[in-house]
Amino acid sequence: MLNIVLFGPPGSGKGTHSAKLVEKYNLVHFSTGDILRSEIAAQTELGMLAKSVMDKGELVSDKLVIDMMRNKISQNKDKNGLVFDGFPRTTEQAAALDKLLAENNLSVSAMIMLDVEREELVKRLQKRSETSGRADDADIRVINNRIDVYNRQTLPIAEYYKKQNKFQNVNGMGSIDDIFDRIVKVIENL
Ligand code: B4P
């Protein structure tokens, strides 16, 4: 199975390239951001807990996110592969993902990091706010906080995957097609 962790700051193109990977390799897509937003839309207890945290650009609790992913993984262990978009976001989540996969005799094939300059991230998210209806895209202070939270809490995971020899850095600047070609090249060389 091809199990890819697509990694990078908010606005780096994780959602965009996950969709393309799903199409090319017939993978199952897990976006914790999308799952949380659908819980909010359905006004579930989980959604209510997550909403205020997400609106501020902070991270939802590890326990909540890990519990949410447990069933999803076991229900899809016989597919072609999985693409994780926006998960893990903390070292604790990275360790939990390894454990959840191992329980199903699976493992991460590679962690692919999309490297994008801060100025470009802000530009993309502000542009998306025109159509996304996302509160966390609409306020420049929240955008900046999301990037700071990423640098503080999420970026350290790169070391976790480097130690496992699974870390792959991809230049995330340029056109979507060029970036996707770079990602495919990494996967074909695994
Ligand atoms: P997410 O939904 O994951 O949002 P994100 O980090 O902003 O990334 P996203 O996938 O949306 O952006 P993308 O890079 O694809 O998370 C939202 C919130 O949920 C978090 O802040 C947190 O509160 C919570 N959450 C989610 N997962 C969690 C977890 N595991 N633990 C705790 N909390 C969690 O793309 C952005 C835009 O750029 C798009 O509009 C796209 O069209 C554009 N774009 C992409 N590539 C481009 C390119 N090359 N050129 C121009 N534009 C491009």
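Which residue places a polar side-chain atom 2.8 Å from an oxygen atom of the ligand? In this predicted model, that residue is R37. The model is read with local features requiring pLDDT of at least 70 and side-chain atom pairs counting only at pLDDT 80 or more, while totals for chains, interfaces and linings use all residues. Residues are numbered from 1 along each chain as its sequence is written, and side-chain values use heavy atoms, with hydrogens and water left out.

A polar backbone atom of G11 lies 3.3 Å from an oxygen atom of the ligand, and a polar backbone atom of G174 is 3.0 Å from a ligand nitrogen. On its own the ligand has 1000 Å² of accessible area (Shrake-Rupley method, 1.4 Å probe; for residues, only the protein chains shown count as cover), and the protein covers 88% of that 1000 Å².

The shell around the ligand holds 29 residues, with G13, G15, T32, E58 and R146 coming nearest; a residue counts as near if one of its heavy atoms lies within 4 Å. By class there are 9 nonpolar, 10 polar and 10 charged residues in this shell, where Ala, Val, Leu, Ile, Met, Phe, Trp, Tyr, Cys and Pro are nonpolar, Asp, Glu, Lys and Arg charged, and the others, Gly among them, polar. Helix α2 gives the largest share of the shell, 4 residues; helices (H or I, at least four residues) and strands (E, at least two) are DSSP runs numbered from the N terminus.

A pocket is an open set of points on a 1 Å grid over the protein atoms alone, where a 1.4 Å probe fits, with protein on both sides within 12 Å along at least five of seven lines; lining residues have an atom within 4 Å of a point. The lining comprises 43 residues, of which P10, K14, R89, R134 and R146 lie nearest the pocket centre. Helix α2 again provides the largest share of this lining, 5 residues.

Two backbone features deserve a look. The peptide bond from F87 to P88 is cis, and P88 belongs to the loop between β3 (81-85) and α5 (91-103).

Technical notes. Polar contact = N/O pair within 3.5 Å; in protein donor to acceptor, adjacent residues only side chain to side chain.
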